[in-house]
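Reader: I have not looked at this one before. Could you walk me through it?

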Amino acid sequence: TSLVDPLPHQITAVYGEMLTRQPLRFLLADDPGAGKTIMAGLLIKELLIRGDIHRCLIVCPGNLVEQWQDELDRRFGLPFEIMTNDKIESTRTGNWFLENPLAICRLDKLSRDEDLQAKLEQTDWDLVVCDEAHKMSATYFSGEVKYTKRYRLGQILSRITRHFLLMTATPHNGKEEDFQLFMALIDGDRFEGKFRDGVHVMDTSDIMRRLVKEQLLKFDGTQLFPE
């Protein structure tokens with residue numbers, strides 16, 4: 001049903017890792033060039049066909065919104081609407097999110113606008129996808145957690161959706177505390193505040209996948225990227 005020839009790692013991500021999880025709370029952290037947009041598109045299309053989702057929100061940096069809209073339309077025939085100021089002002093209900101079941105929003109527009117966040121919190125979503133999700137980070141420094149506006153947005157998004165998919169090629173900045181704060185967006189019960197008793201590395205294998213370039217193969221078993 002899609003104009004795409006998925007690669008092995010894209011098929012295993014969607015059909016092996018993500019579709020099997022109900023609800024899906026997952027971090028897809030494959031290396032750059034793995035085609036995370038294609039994997040998200042395959043997932044969205046499959047869940048729509050199965051009748052499992054009706055409302056899907058994509059949150060990404062502003063420079064990627066058109067690319068997301070174009071790829072989802074061209075490859076998957078999915079008509080996503082990009083939120084703009086004009087569209088917000090011309091809503092019938094006063095809440096743009098209610099009127100657009102397939103929506104794409106700019107990360108910083110949402111994270112900086114408390115009115116929009118209040119409207120967002122009045123809505124329910126079946127699936128929220130966050131691209132370049134590492135931007136929604138918080139930092140732990142000398143016993144204090146410093147929350148950013150983007151992180152607060154991540155917490156809101158996590159609450160208002162059943163399926164929550166974070167995508168980034170750089171999930172870990174080298175500090176385990178920051179990584180666990182980031183993972184708390186997916187599973188707050190498991191990660192929230194656990195690092196305060198001294199850092200120990202948590203097992204994330206059931207909610208995260210990371211393949212590096214060397215592990216990405218074509219169907220004939222040869223490497224996707226040159227050495």
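This is a predicted model: local features need pLDDT of at least 70, side-chain atom pairs count only at pLDDT 80 or more; totals for chains, interfaces and linings use all residues.

Reader: Which residues touch the most other members of the largest nonpolar core?

Author: That core has 39 residues, and the ones that touch the most other members are L120, L157 and L166. Apart from it lies another core of 36 residues, which includes V14, L42, L64 and F80. In soluble globular proteins, nonpolar side chains tend to be buried together.

Reader: Now the sheet: in what order do its strands come?

Author: The sheet is open and has seven strands, which follow the order β3-β4-β2-β5-β8-β1-β9 with parallel pairing. Its edge strands are β3 and β9 (208–209), each of which pairs on one side only.

Reader: What does β4 pair with, starting with β2?

Author: Strand β2, residues 56–60, pairs with β4 in the parallel sense over five bridges, and within that pairing I58 stands opposite I104 of β4. Strand β3, residues 81–82, also runs parallel to β4 and is joined to it by two bridges, with A103 of β4 as the bridge partner of E81.

Reader: Is β4 mostly covered or mostly uncovered?

Author: Strand β4, which spans residues 102–106, is mostly covered, since four of its five residues are buried.

Reader: And how many bridges join β2 to β5?

Author: Four bridges join β2 to strand β5, residues 125–131, and the two run parallel; here V59 has C130 in β5 as its bridge partner.

Reader: Changing topic, what lines the largest pocket?

Author: The lining consists of P32, G33, A34, G35, K36, T37, L64, Q67, W68, D131, E132 and M167. The elements that give two or more residues to this lining are α2 (36–49) and α3 (65–76). By class, the lining residues are five nonpolar, four polar and three charged, and the space in the pocket is about 180 Å³.

Reader: You listed E132 there; where does it lie, and what is its phi?

Author: E132 lies in the loop between β5 and β6 (139–141). Its phi is near 50°, a positive value in a residue other than glycine. With a relative accessible area of 30%, E132 is partly exposed.

Reader: Which other residue has a positive phi although it is not a glycine?

Author: S142 has one, of about 40°, and this residue sits in the loop between β6 and β7 (144–146).

Reader: Why does S142 count as exposed?

Author: S142 counts as exposed because its relative accessibility is 63%, and the cut-off for exposed is over 50%.

Reader: How many cavities of 30 Å³ or more does the structure hold?

Author: It holds one cavity of 30 Å³ or more, and the volume of the largest cavity is about 40 Å³. Lining the largest cavity are M18, L19, R21, Q22, L24, L43, L47, D52 and H163, which by class come to five nonpolar, two polar and two charged residues.

Reader: One last thing about Q22 in that lining: what kind of peptide bond joins Q22 and P23?

Author: The bond between Q22 and P23 is a cis peptide bond, with omega about -10°. As for its place in the chain, P23 lies in the loop between α1 (8–18) and β1 (25–28).

Methods. Residues are numbered from 1 along each chain as its sequence is written. Side-chain values use heavy atoms; hydrogens and water are left out. On a 1 Å grid over the protein atoms alone, a cavity is a set of points where a 1.4 Å probe fits but cannot get out, and a pocket is an open set with protein on both sides within 12 Å along at least five of seven lines; lining residues have an atom within 4 Å of a point. Grid points are joined across faces, edges and corners, and a volume is the space filled by probe spheres set on the points. Ala, Val, Leu, Ile, Met, Phe, Trp, Tyr, Cys and Pro count as nonpolar, Asp, Glu, Lys and Arg as charged, and the others, Gly among them, as polar. A nonpolar core is a set of buried Ala, Val, Leu, Ile, Met, Phe, Trp, Tyr and Cys residues joined through side-chain atoms within 4.5 Å. Buried means under 20% relative accessible area, exposed over 50%, partly exposed in between (1.4 Å probe, protein chains only). Two strands pair if DSSP finds at least two bridges between them.
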